[in-house]
Amino acid sequence: MASPTVKLNSGHDMPLCGFGLWKVSNDTCADTVYNAIKAGYRLLDGACDYGNEKECGDGVARAIKDGLVKREELFIVSKLWQTFHDVDRVEPITRRQLADWQVDYFDLFLIHFPVALEYVDPSVRYPPGWHYDGDKEIRWSKTTNQETWGAMEGLVEKGLARSIGVSNYQAQTLYDTLKYAKIRPATLQIELHPYLQQAELVKLAKHEGIVVTAYSSFGPTGFIELDMDNAKTAAPLMEHDAIKAMATKHNKTPAQILLRWATQQGLAVIPKTGRPAVMLQNLDCFSFDLDEEDIKRIAKMELNLKFNKPTNYFPADNLWIFG
Ligand code: NAD
């Protein structure tokens, strides 16, 4: 099974359904990546912060060696962590991440969050996480998003990234980027599910020719494993009566309904699972259409409920910015 693709403003084609790599443990990651490629996934969504890029690279290398896929058939996505926003840090860390993946270019490289943190040397701690001391202290860097974007553009000029984009940007940050970008962001990756539909931001991105990738399509499910309070108290989307009724009507699973709701809007999705049968199920989210009644019903499920906020993970007395 293969995912349809969407043409990015960079001219490259990106699969609409990819595979997410956050919270994939180091001991299972190489096999998970291998199995995902075997199931038909071509887009792999990684990040420095996920702490598993070496193992991702091992999985990719094995899949290429076994003849499952060629490098040029894959669409490898990674992200720049905040402690590497200073202009002179961007290229060296990208080269290190490429080495971990055992490839010489990323298909897409994203700014993970639009805030710069003070540099932490990878020999001290890698991935560095949010805290300067690895514990509680948040230290901001003075580097602006404009400066960091300029360094991201340098990655394209040097052939280290084919497309560049942003993640966790809201409208104002995006508008600002568009004022100075010589290379426009190809994609915007944001949390998006029926409890957080981001309708206006999606309209803005579409208007500007930027493809939106929806992450955490299953809402609270991906955050329960982190023991997050507001995920544990939210009604699971896959058990929501309306979603279950649509699954019965279309003879699909609730997960497929949630993924199709996004892909039918032209959004890319990057679900994650360790189970090969479920990998196949999630990739099969294009073979049917929700009807108007379904779409109207899901529109009513909006709660403006966001899970992936740093303040949901840890308290900090100088971190209020992700409201
Ligand atoms: P997700 O929404 O894909 O949910 C994962 C959970 O759902 C897992 O517990 C999995 O076992 C379960 N699941 C998956 N398919 C299922 C199915 N068909 N039926 C039943 N259960 C199923 O979770 P996520 O990991 O939060 O998000 C997906 C990806 O998005 C991440 O791996 C990462 O690549 C990306 N992401 C990016 C950011 C960012 O800041 N840019 C943040 C979060 C996630």
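Predicted model: local features only at pLDDT ≥ 70, side-chain atom pairs only at ≥ 80, totals over all residues.
- Eight strands make up an open sheet, and their order is 3-4-5-6-7-8-9-10. The pairing is parallel.
- Look at the edges and you'll find strand 3 (19-20) and strand 10. Each has a single partner strand, so one side of each has no neighbour in the sheet.
- What holds paired strands together? Strands of a sheet pair through backbone hydrogen bonds, and the pairing can be parallel or antiparallel.
- Strand 4 and strand 5 (residues 75-80) run parallel and are joined by three bridges.

**Strand 7 and its partners**
- Is strand 7 (residues 161-167) enclosed or open? Seven of its seven residues are buried, so the rest of the structure largely encloses it.
- On one side, strand 7 pairs with strand 6 (residues 106-111) in the parallel sense, over five bridges. Within that pairing, F109 stands opposite I164 of strand 7.
- To get from strand 6 to strand 7, the chain passes through helix 4 (residues 145-157), making a right-handed β-α-β crossover.
- Helix 4 lies across strand 6 and strand 7, and it runs at about 155 degrees to strand 7.
- Strand 7 also runs parallel to strand 8 (residues 187-191), with two bridges joining them. From strand 7 the chain crosses through helix 5 (residues 171-180) to strand 8, and this β-α-β crossover is right-handed too.

**Helix 10, a covered helix**
- Helix 10 (residues 254-263) is mostly covered, with ten of its ten residues buried. Among them are P254, I257, W261 and T263.
- What do those buried residues pack against? The list is strand 9 (211-215), helix 9 (241-250), strand 10 (268-269), helix 11 (276-283) and helix 12 (292-299).

**Y50, the annotated residue**
- An unreviewed UniProt entry has an "active site" annotation that covers Y50.
- Where does Y50 sit? You'll find it in the loop between strand 4 (43-45) and helix 2 (53-65).
- Why does Y50 count as buried? The cut-off is 20 or more other C-beta atoms within 10 Å, and Y50 counts as buried because it has 21 C-beta neighbours inside 10 Å.
- Setting aside neighbours within four places in sequence, Y50 is in contact with L21 and W22.

Conventions:
Residues numbered from 1 in each chain as written. Buried ≥ 20, exposed ≤ 12 C-beta atoms within 10 Å, placed from the backbone. Helix = DSSP H or I, 4+ residues; strand = E, 2+ residues; numbered from the N terminus. Pairing = 2+ DSSP bridges. Right-handed = clockwise from strand over helix to strand, strands pointing away. Contact = placed C-beta atoms within 7 Å. UniProt positions renumbered as here; feature names shortened; annotations may be inferred. Axes fitted to C-alpha atoms, helices over the stretch in contact; angles between N-to-C directions.
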